[in-house]
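User: I would like a close look at a single part of this model. Please keep the explanation plain.

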Amino acid sequence: MAEPRVPGSGGDRTLELPCGTTIDPHEIDLGMREYTCANGDTHAVVTDVHPPSRFFPESLVAVLQETIETDDEFDAFGTPHLMGIVLEEFPEKVATYDGSDDGRVGYAMVWVTEFDARRLHEIIVELVVELMDHAISHAEDDTAVTDFESQMLEFDVSEFVDQYRRQRDFESEHDRAL
Ligand SMILES: [Zn+2]
């Protein structure tokens with residue numbers, strides 16, 4: 001087990017994972033999708049550099065970018081918004097590290113979750129489906145609503161995630177670099 005670090009002793013360049021393990025955020029590199037901590041848990045790792053197409057196809061990313069308005073520093077709907085939704089839903093299961101003023105990392109934000117990468121993938125797809133459902137229920141076109149809802153009834157999140165990860169070659173425990 002790693003030696004516990006006293007918060008503040010090494011600056012605040014530490015990241016406390018949801019399980020309580022503290023790591024040095026510099027251990028996380030941009031290609032990393034999962035991190036196995038000293039407890040032996042596997043945690044999903046996402047950085048703002050990962051495109052949302054890590055989780056679903058570019059065509060859906062484009063739809064989301066058109067449908068969802070963002071009013072923050074990021075121009076279009078992207079990975080930081082996805083992780084924002086996850087964080088809102090599971091505030092205690094996501095740890096974040098702001099690396100924007102840390103010259104030694106290549107990302108501005110990293111999120112490490114209690115769940116492993118596959119489970120996180122499912123959660124993100126579920127949340128996005130809910131988000132789309134909500135956006136579409138405000139649409140004026142009733143046919144669009146009905147179409148979407150009937151498609152969603154047949155949509156199997158777990159199967160989608162399996163297929164997507166297979167296609168994108170995320171089968172191995174440690175996913176490939178981008
Ligand atoms: Zn852990």
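How are the donor residues of the zinc ion spaced in sequence?

Analyst: The donor residues of the zinc ion follow the spacing C-x17-C-x3-D-x1-H. This is a predicted model, in which local features need pLDDT of at least 70 and side-chain atom pairs count only at pLDDT 80 or more, while totals for chains, interfaces and linings use all residues. Residues are numbered from 1 along each chain as its sequence is written, and side-chain values use heavy atoms, with hydrogens and water left out.

The residues that coordinate the zinc ion are Cys19 and Cys37, each through SG, Asp41 through OD and His43 through NE2, at 2.0 to 2.8 Å. Donors here are N, O and S atoms within 2.8 Å of the metal (3.2 Å for Na, K and Ca); water is not among the atoms, so sites may look incomplete.

The angles among the four donor atoms run from 95 to 127°, and the site of the zinc ion is tetrahedral. For four donors, that term requires all angles to lie between 85 and 135 degrees.

Cys37 counts as buried because its relative accessibility is 6%. Asp41 has 29% relative accessibility, so Asp41 counts as partly exposed. Buried means under 20% relative accessible area, exposed over 50%, and partly exposed in between (1.4 Å probe, protein chains only).

Elsewhere, the largest nonpolar core has 30 residues, and Phe56, Leu120 and Ile124 have the most contacts inside it. A nonpolar core is a set of buried Ala, Val, Leu, Ile, Met, Phe, Trp, Tyr and Cys residues joined through side-chain atoms within 4.5 Å.

Terms used
Four donors count as tetrahedral if all angles lie between 85 and 135 degrees; four count as square planar and six as octahedral if opposite donors are over 155 degrees apart and all others between 65 and 115; anything else is irregular.
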